[in-house]
Amino acid sequence: MRGKSSGTEIPPLNTTEPIRRTALNRVFAVVYTCAIFALLYHHVETLTIRGRNPLVLVVSFCLLLSDVILALMWATTQAFRMRPIHRREFPGNLQKVVRPREFPALDVLICTADPYKEPPLSVVNTALSVMAYDYPTEKLSVYVSDDGGSALTLFAFMEAAKFAAHWLPFCRKFNLMERNPHAYFSSSSSTSTHACCSEIKMMYERMKVKVEHVVESGKVGDENITGDREREAFSKWTDDFTRHEHPTVIQVLLETSKDRDITGHFMPNLVYISREKSKTSPHRFKAGALNVLLRVSAIMTNAPMVLTLDCDMSSNDPQTPLRVLCYISDPATRPNLSFVQFPQRFRGLSKNDIYASEFKRLFLINFLGMDGLKGPNYVGTGAFFCRRSLFGSPSTLISPEIPQLHPNHVVDKDKPIHESPAMLSLAHHVAGCNYENQTKWGSKMGIRYGSLVEDYYTGYLLHCEGWRSIFCNPDRPAFYGDAPTTLVDLLNQHKRWAIGLLEVAFSRYCPITFGIRTMGLTGLAYAHYSFWPIWSIPIMLYAFLPQLALASGISIFPKVCHH
Ligand SMILES: O=c1ccn([C@@H]2O[C@H](COP(=O)(O)OP(=O)(O)O[C@H]3O[C@H](CO)[C@@H](O)[C@H](O)[C@H]3O)[C@@H](O)[C@H]2O)c(=O)[nH]1
Ligand SMILES: [Mn+2]
């Protein structure tokens, strides 16, 4: 089947192609539905006719319950099978349609929360991998939110800013594909090709030793502080500074307007933020952190395109923003586009992946199905947002409480941040822990509060508002992240997800009622996730019931001769 091009006279930036087995899927759904009804009929019959014995009654009821849940879950998965599509994008054609000068600016928001669970060096690697994007540098800003409020993380970023002056030109010179320094130096390509590689590798190793030493010792000692600016920054960490109670710390580590790399080329902006925390105000976990990042970035750069990343998820392809532009610059896909979502891919999974951490169905297969509807859900990382979509529905823009946060506000580029105390003090103000009181942040604006899975909830509400999203799944994975590696971590993650999803399922925005009413099949797809934790009921029942029934001599499956 030929792909449908979305432009006519301009070269195509992207194509959409329906997946061929869709018709078969629909026929299968009809047949299967009939089979499910037959099975449910059998259960009801057993309950009413043969259910004299109380034990048989209980067993039959449990089986009926299990099968109703399984049938419901099966019905919700049909949403993914009705209209799956494949998309392709052609970044090579982009230059013919938009000039790099006209590319929109990009703000990258990275969240980290704990210097011991999420080593600063790995966060730094993530940041360096996106700072080295093949994108006009003066349009690129990286904001890091440190919810751990750790001087160790700030120290690592100060070192990273110095290393970046060497690393970015190195990536450009040799046109590296792998721009995460750790991944690059551990791969074989780093050893063979480039002569000056050993020099930069040494530099990286020196930074690594320094950062790891500081993390191990648990504090930034005087010997590690080189200048007055650094000393002033670390002076915020007084004795009463704890991760749960501290003032806002914002450090502009690199600035496009003044910092140059070793070849004299611009550097992207790099800003470290640790928002104010107080035990008496809710911090709303990652959702709160992202909203602070949205506000601080609005004040400093206000880029129309915003990438959110978890600290463990680094770029694996420097062309990724250009792929996104293939959708954002295309008049056919741009209307109502809220975000372009890349799948979460994981490095270092064991060959057999015994905990099924790859989540292939969640992040790849189901997304193809949702992409043919209103688009994939937001998974918290690897998503490029149009900033405007976080401020109300496509038709009604919600104005934030101060004009500087408005998505159309233009930041005065001639005035560098370091020369603008007013800008810095406003940035501190919007990162305050009480700033959001009596505002629409978290309810109508930004990342939404109300569920532990803020990503799922926010994407869902955006879709309900009328926005759509696009799934971009290039052959070379755009990002690689870390999956939980121990059973305890995995169980904790699943527990958090289960609670968060049920919070949505039992809210007034329940996808089965509100979701399906507002957006049909997409609502059904969302219902599949929000009710995902109830899989546990049939699984538990089917795991134990047959054995118990057998032991007490009850037959639970129909005999062929019964019918
Ligand atoms: O108070 C907090 C808690 C977490 N984080 C950051 O949030 C990210 C995700 O947290 P993690 O503990 O790694 O959760 P996971 O379950 O692995 O994350 C998945 O599930 C989350 C909730 O649905 C999504 O936000 C993530 O993007 C998605 O990768 C990390 O970068 C953390 O640093 C914060 O910034 N502040
Ligand atoms: Mn994670």
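In this predicted model, an oxygen atom of ligand 1 sits 3.1 Å from an N or O atom in the side chain of Arg 496. The protein covers 83% of the 680 Å² of accessible area that ligand 1 has on its own. Here's a quick look at the ligand shell, then at a helix pair.

**Polar contacts of ligand 1**
- Asp 147 has a side-chain N or O atom 2.7 Å from a nitrogen atom of the ligand.
- Lys 286 puts a polar side-chain atom 2.8 Å from a ligand oxygen atom.

**The shell around ligand 1**
- There are 19 residues around the ligand, and Asp 147, Lys 286, Asp 310, Glu 454 and Asp 455 come nearest.
- By class, the shell splits into seven nonpolar, five polar and seven charged residues.
- Helix 15 gives the most, with three residues.

**Helix 5 against helix 8**
- The axes of helix 5 (residues 151–174) and helix 8 (residues 197–217) come within 10 Å and cross at roughly 175 degrees.
- With angles over 145 degrees counted as roughly antiparallel, helix 5 and helix 8 are therefore roughly antiparallel to each other.
- On the helix 5 side, the residues meeting helix 8 include Leu 152, Phe 155, Phe 163, Trp 167 and Phe 170.
- Helix 8 answers with residues including Ile 200, Met 203, Tyr 204, Met 207 and Val 211.
- Sorted by class, this contact has 15 nonpolar residues, one polar and two charged.

How values were computed: Residues are numbered from 1 along each chain as its sequence is written. Chains are lettered from A and ligands numbered from 1 in the order in which they are written. This is a predicted model: local features need pLDDT of at least 70, side-chain atom pairs count only at pLDDT 80 or more; totals for chains, interfaces and linings use all residues. Side-chain values use heavy atoms; hydrogens and water are left out. A residue is near a molecule or strand if one of its heavy atoms lies within 4 Å of it. A polar contact is a pair of N or O atoms within 3.5 Å; within protein, one must be able to donate a hydrogen and the other to accept it, and residues adjacent in sequence count only if both atoms are side-chain atoms. Accessible areas come from the Shrake-Rupley method with a 1.4 Å probe; for residues, only the protein chains shown count as cover. Helices (H or I, at least four residues) and strands (E, at least two) are DSSP runs, numbered from the N terminus. Ala, Val, Leu, Ile, Met, Phe, Trp, Tyr, Cys and Pro count as nonpolar, Asp, Glu, Lys and Arg as charged, and the others, Gly among them, as polar. Axes are lines fitted to C-alpha atoms, for helices over the stretch in contact, and angles run from 0 to 180 degrees between N-to-C directions. Angles under 35 degrees count as roughly parallel, over 145 as roughly antiparallel, 65 to 115 as roughly perpendicular and the rest as oblique. Contact means heavy atoms within 4.5 Å.
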